[in-house]
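Subject: Structure handover

Hello,

Here is the structure I promised to pass on. Please open it first, then read my notes below.

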Amino acid sequence: ELYMVNVGDKLNIFWPDGDSQSCQKLVGKVIDIVNSKKEKKDSNIKYKIYFKAINETRIVKLSKVKWELRRKRSHESNAPTVSPTATENGSKRQKTSTLSAESYKRILAPMVGASELAFRLLCRRYGATLAYTPMMSSDRFAVDPLYREQEFQTVPEDRPLVAHFSANDPDVFLAAAKHVEHTCDAIDLNLGCPQRVAHSGHFGSFLLDPEDRPLVLKMVNTLSTNLSIPLFVKIRLLNSVDETTELCQQLITAGAALIAIHGRYRVNLVGRTGPGARDGAAHLDEVKEVIQRLREQGFKVPIIANGNVRTWEDVVENAQFTDASGIMSAEGLLDNPALFHQGIDSSAKIRNKPEKGEVDKLVLAQEYLDLVEKHPTKLKTVIFHIRRMCKDELTEYQLMEECLNAPSPAALQEIVTQMVQMKQSGTFQQDPNKAKRAKDALERKKREEGKRRDFEDRMKRKAKREGRPLDFYLSQGAAPPTKEIIERLKKLPSEEAFQEWKIHYSQHCFAFHFGTKKSDGSGIGGCERDRTCSFLHAEFVVTSAEEPEVYG
């Protein structure tokens, strides 16, 4: 019986003590596995194992150990295997991680509201070798079964998978990770989020300051020591290459088995400007320098480069330039989920894989909607993905407004089918008036999203001041009203309708649905405050017995 060994695994190493009958024992963790020599018959592979002893600073290189390779599924074929090794309590077990060097090559980044199960499966179909979940709050995940059910959804084919968490407490982080330890391949600590919510919640890139370094390293050490799967970390660049390199050294020494570096700095929260803003290229030259220094110092855990990826050529060039173990993409995959398809072996049989050029975005959209039907997610997430991957087509065929206001995934499927038919027939003629309406709809959507972010930031700051969970106010009155509810409330006296509204729809603008416009006809809906309104101006939801509640 053979057992797999991966970076991050804890091992007991025994060797003879001179000429005596006793053995010496060293307990520690694998920090790197390097292919040393391949045998002629391809039956065995020799590996150099870089092994960090627990409670010691030294790194031991085990170069005389012969590891047997067991042929496994294609995505595991490069994973080394060894004979059973006794753990500290004397029992024998097999690690659940199936990660190999090939798994790190092409990675779907963690994205809030965007790297959900259906989208992960689509990206895997077109060449992604590893995928991260959206960011999940370790505080809630550790104690809330409903939150876990909603936020962590997976299926057997969704592997290898990294569960991505925000955290600032070692024990809470470990408790959250334990819930998914046996249903994913690695746990990831978010040290890269630059958003206001990360600042108010004290997580993400706002844990990179020197005063929080002991906390960060304790979280990494706690999880790497107490989990059966590796602990990864995703960071941003610090102010200098020296600082970023030192951070990576400390993370690896504490137990990080992989580090993904987003090649941008933490953003300036005042005006969202400066070197950390999304605009402009990522600093891959600094990522390259960090990787080079780590390699020179003997640190050989995988380092992933994140940033500046829009095309397959970018993937190839960035990998060559940085010498990273793999390339991670977020924005590029949102625009083109088949970004990695040219990295798939030519013998692989997948739908819609052309010999050259890009994959048809409309076919990608159809495939995504088919996956959504099997693995439902929030309607706003589905609309977001269709808008991103079909932006050019929605603009060309003047269907952007219909997309943004689609009441269900089925309606989005009809829109995509309509675009396919118009593309095939070649008879479409643009309507100038509709083009203006579509532009206005997109601008309105952006304003709504901006207002929503501002609203969420205010509510989280308020909750923090009051010592409540950050999502305390955001969990109340968030769901938009249905058409039936609007019609029923309009029949009630205004004050009675308002009191009921405050209880169930407190995040939404009452005047938008029930007020009247200014005398000059200005305003949005019935709200005189127009764009300055602090509440949400969301249209009512069209309900259907055929649509799952999760879409509401």
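Start with helix H4, residues 170-178. Its buried residues are Pro170, Phe173, Leu174, Ala176 and Ala177. These residues sit on the same side of H4, because they cover an arc of only 160° around the axis. An α-helix has 3.6 residues a turn, so residues three or four places apart point the same way. What do the buried residues of H4 pack against? Two helices are among the partners: H2 (138-143) and H6 (213-226). The strands are E11 (161-166), E12 (186-191) and E13 (231-237).

Bear in mind that this is a predicted model.

Now the overall picture. The protein chain has 552 residues, and 50% of them count as buried. It holds 19 helices and 16 strands. Take contacts between residues at least 6 apart in sequence: 63% of them join residues at least 24 apart. The chain exposes about 27,200 Å², with carbon and sulfur atoms supplying 49% of that area.

Next, the salt bridges. How many are there in the whole structure? The search finds 14. One of them joins the side chains of Arg159 and Asp185, at 2.6 Å from N to O. Arg159 is in the loop between helix H3 (145-151) and E11, and Asp185 is in the loop between H4 and E12, so this bridge ties together parts 26 residues apart in sequence. Is Asp185 buried or exposed? Asp185 is buried, at 0% relative accessible area. Arg159 is partly exposed, at 27%.

A second bridge pairs Arg310 with Asp335, and their closest N and O atoms are 2.8 Å apart. Arg310 lies in the loop between strand E15 (303-306) and H9, while Asp335 belongs to helix H10 (residues 331-335). The two are 25 residues apart, so the pair links distant parts of the chain. Both partners are partly exposed: Arg310 at 47%, Asp335 at 24%.

Glu331 is in helix H10 and Arg388 in helix H12, so parts 57 residues apart in sequence are tied together. Glu331 is partly exposed, with 26% relative accessibility. Arg388 is buried, at 17%. Through shared partners, salt bridges join Arg310, Glu331, Asp335 and Arg388 into one network.

Asp314 is another charged residue to look at. It sits in helix H9 (residues 312-322). Asp314 is buried but has no salt bridge. The nearest side chain of opposite charge is Arg310, 6.7 Å away. Beyond its neighbours within four places in sequence, Asp314 is in contact with Asn308 and Val309.

Lys361 is in helix H11 and counts as buried, at 16% relative accessibility. Leaving out neighbours within four places in sequence, Lys361 is in contact with Asp335, Asn336, Met389, Cys390 and Glu393. Lys378 lies in the loop between helix H11 (361-374) and helix H12 (379-389). It is partly exposed, at 45%. The C-alpha atoms of Lys378 and Glu116 are 9.7 Å apart, although 262 residues separate the two along the chain.

Last, the cysteines. The disulfide count is zero. Cys123 is buried, at 0% relative accessibility. Cys248 is buried too, with 0% relative accessible area.

Best wishes

Terms used. Residues are numbered from 1 along each chain as its sequence is written. This is a predicted model: local features need pLDDT of at least 70, side-chain atom pairs count only at pLDDT 80 or more; totals for chains, interfaces and linings use all residues. Side-chain values use heavy atoms; hydrogens and water are left out. Helices (H or I, at least four residues) and strands (E, at least two) are DSSP runs, numbered from the N terminus. Buried means under 20% relative accessible area, exposed over 50%, partly exposed in between (1.4 Å probe, protein chains only). Contact means heavy atoms within 4.5 Å. Accessible areas come from the Shrake-Rupley method with a 1.4 Å probe; for residues, only the protein chains shown count as cover. Lys and Arg count as positive and Asp and Glu as negative; His and the chain ends are not counted. A salt bridge is a side-chain nitrogen of Lys or Arg within 4 Å of a carboxyl oxygen of Asp or Glu. A disulfide is a pair of cysteine sulfur atoms within 2.5 Å. The arc is that of the directions from the helix axis to the C-beta atoms.
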